[in-house]
Amino acid sequence: MANIFTKSLEAIWKPSTVSFGPGEPMRPAAPTEPPRREDYNVSRNTNWAPRSEESRNVTYNQMRTLSRIDGVLRTIIEKRKDEIKGLEWDITVKPEFNNGSDFTSDIAAAHKFWDKPDLEYTFDQWLGMLLEDIFVIDAPTLFKERDRLGRFRSLQIIDGATIKVLVNDAGRVPSPPQLAYEQIIKGMPRTGYIRPITGVNPYIVSRPELITENTTEVYTNFNEMYYRPYNLASDGVYGFSHVESIIMAINIMLRRTHSFLEFFRSGNIPQALIPAPESWTPDNIESFQEKFDLYLKGNLDARSGAIFIPGGAGNPSQLQQLTFDALFDEWLARIYCARFGVSPTPYVRSNNRATAVTMEEASSDEGLVPMMQFLKHWFDDITADCLGMPHLQFIWTPGQNYGPQEANIDNMMVAMGARTLDEVREKQGKQPYAHGIGSKPMIGGQLLEDIISGKAQAQMPATPAGIENYPGDDDIDENPYELSIRSIKSELDDWQKFAINRLGKKSPRMFEAKAVPPGLSSSILLKLDTAATPEAVKAVFEDARNNLGRKPRTPPVDQTAKQLEAEYQAELRKILEATKNKLQEI
């Protein structure tokens, strides 16, 4: 084998003939061995402590302790958990399986399972425990519990800090039937688990070719476990949690908080020293100090007052002063928020409304969306593996968060052929159209493929002048004009609040109107120039709502000449009467 490899290396590597060349590479020690995922430690599987084989500087217990005693960090973690738990979800059919079949019973069964995945806690409670392990230690672990007949029963959350991940010769987590995980209890391996196998019951040995003399008992008695870290790297099999990634900032915050606590609790340095006359003895100073402290002692004990010392009269010496640097605390809070994708608005000095809204939207995209995708794919695997329903999928539905702005974006994307009707309905939490009729992109109501082939010509639907077409939340066939009016009224409400808040401020920043027609928007701006009170501002927008959708007054087309003559004579009569009155006065 060595001779064959040597000849093959000589064939693909030509020795250098130039001066100061790169040199010939060393011969590999194991040329036929597959590549390893990482340069793992020798005999790493024999090390019983989880994560210790990867030389991590922070333990699971340390991360959990820090996350619970740091008030700002705990607030951010709970905020992110509440945001995700507050999202609405649903079970739908995957587009590739949407062939008109009736999956109503399967969807109902999947809903029943996800309502209480562990048969004890609700989905929100269960999800909160899972998110806690993701954010703090990044070791989310789920155990596939089965009944005595080997049928899947529930998903139990296991403390991921007790799970040790094994690796094979290539440095990867072993596939079944080899053990992939061990649970370490009291410092010793107690139980072992395999990775989930779709359609295989570990209690019933139906594949004897997978069973060897050493694995029969293990494989027939142990179950499967999901161990899925959120943030992985190629140099290890354990996750890198949110808390671990900002561990230095957390330590700084805790030590800073502790220093303030000790200042009030057990500090022994007085705030000032006041020299006493040289003729005073220590007894005189002590006697005077006792009487003087009666006036100064409070909750902070003697440190709140001043201390007299011998040495002659002189100026008082200030020893320490308690200071709070808000900017430093804000800097630490911003680090926390940046890692968790949370808006720092509640933890820093107040921003203007537009900046706060922008930061809130950015935090939603940066923090929520990746975690939602991670959980969605994991729950899809569980639905397929545990429930045997690969045709169903878990989706997050927008619920009340699906407003006119999102609807307008979806409408434009559908009109341009960049998004299908089924994709929009999925965002709204609705089932896709049967037989896949809504899965193909369209432009102006015509299939994109027909437009490209020349079978059809795109025609954009007509909409009222100056009004954008917003699709509805309840029915896709609802009158687009009425939906547009409703969207404009919603934006007028936001504009009214904005205008009232800007009263008396010199900032030139203006409200950015998107749904309000340009003509109506210009009219509102002109009237707002003279509106100096909240009541006046409300009157401007109330008038705009009342006139919304009305057309400008124009003379009727069928107006007769007699009617015009009558109106002219009436106006002329008024002028003659006014002139006659003036002549009589003269």
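Start by selecting Lys186, which is exposed, with a relative accessible area of 81%. The classes used here are buried for under 20% relative accessible area, exposed for over 50%, and partly exposed in between, with a 1.4 Å probe and protein chains only. The model is predicted, so local features need pLDDT of at least 70 and side-chain atom pairs count only at pLDDT 80 or more, while totals for chains, interfaces and linings use all residues. Residues are numbered from 1 along each chain as its sequence is written, and side-chain values use heavy atoms, with hydrogens and water left out.

**Backbone stops**

Stay on Lys186 and read its backbone torsions: phi is positive, about 55 degrees, although the residue is not a glycine. Lys186 sits in the loop between β5 and β6 (188–193). Strands (E, at least two residues) and helices (H or I, at least four residues) are DSSP runs numbered from the N terminus.

Next select Asp138, another non-glycine residue with a positive phi, here about 50 degrees. Its place is the loop between α5 and β2 (141–146). Is Asp138 buried or exposed? With 0% relative accessibility, Asp138 counts as buried.

Then go to Pro176 and Pro177. The peptide bond from Pro176 to Pro177 is cis, with omega near 10 degrees. Pro177 belongs to the loop between β4 (163–165) and β5 (181–185).

**Helix packing**

Two packed helices are described by the angle between their axes and the distance between the axes. Axes are lines fitted to C-alpha atoms, for helices over the stretch in contact, and angles run from 0 to 180 degrees between N-to-C directions.

Select helix α3 (residues 71–85) together with helix α5 (residues 123–136): they pack at an angle of about 135 degrees, with their axes 10 Å apart. That angle makes α3 oblique to α5. The scheme counts angles under 35 degrees as roughly parallel, over 145 as roughly antiparallel, 65 to 115 as roughly perpendicular, and the rest as oblique. The crossing of α3 past α5 is right-handed. A crossing is right-handed if the near helix is turned clockwise from the far one by less than a right angle, and left-handed if anticlockwise.

What is the angle between α3 and α10? They pack at about 25 degrees, with axes 10 Å apart, and are therefore roughly parallel to each other. This crossing of α3 and α10 is right-handed.

**Two tryptophans**

Within α10 (residues 326–340), select Trp331. Trp331 is partly exposed, at 45% relative accessible area.

Move to Trp89 in strand β1 (residues 88–93). Trp89 counts as buried, at 18% relative accessibility. Show Ile395 as well: Trp89 and Ile395 are 306 residues apart in sequence, yet 5.6 Å apart in space, C-alpha to C-alpha.

**Salt bridges**

Side chains of opposite charge can pair when their charged atoms come close. The rule for a salt bridge is a side-chain nitrogen of Lys or Arg within 4 Å of a carboxyl oxygen of Asp or Glu, and by this rule the count comes to 24 salt bridges.

Asp82 is partly exposed at 44%, and Lys85 is partly exposed at 24%.

Now select Arg56 and Glu54, which meet in a salt bridge of 3.2 Å, N to O. Arg56 is partly exposed, with a relative accessible area of 24%, whereas Glu54 is buried at 14%.

Select Asp543 and Lys527 next; the closest N and O atoms of this salt bridge are 2.8 Å apart. The pair links distant parts of the chain, with Asp543 in helix α17 (residues 534–546) and Lys527 in helix α16 (residues 518–528), 16 residues apart. Asp543 is partly exposed at 31%, and Lys527 is partly exposed at 34%.

For the last stop, select Glu38, Arg44, Arg51, Glu53, Glu54, Arg56, Lys164 and Glu244. Salt bridges that share partners join these residues, Glu38, Arg44, Arg51, Glu53, Glu54, Arg56, Lys164 and Glu244, into one network.
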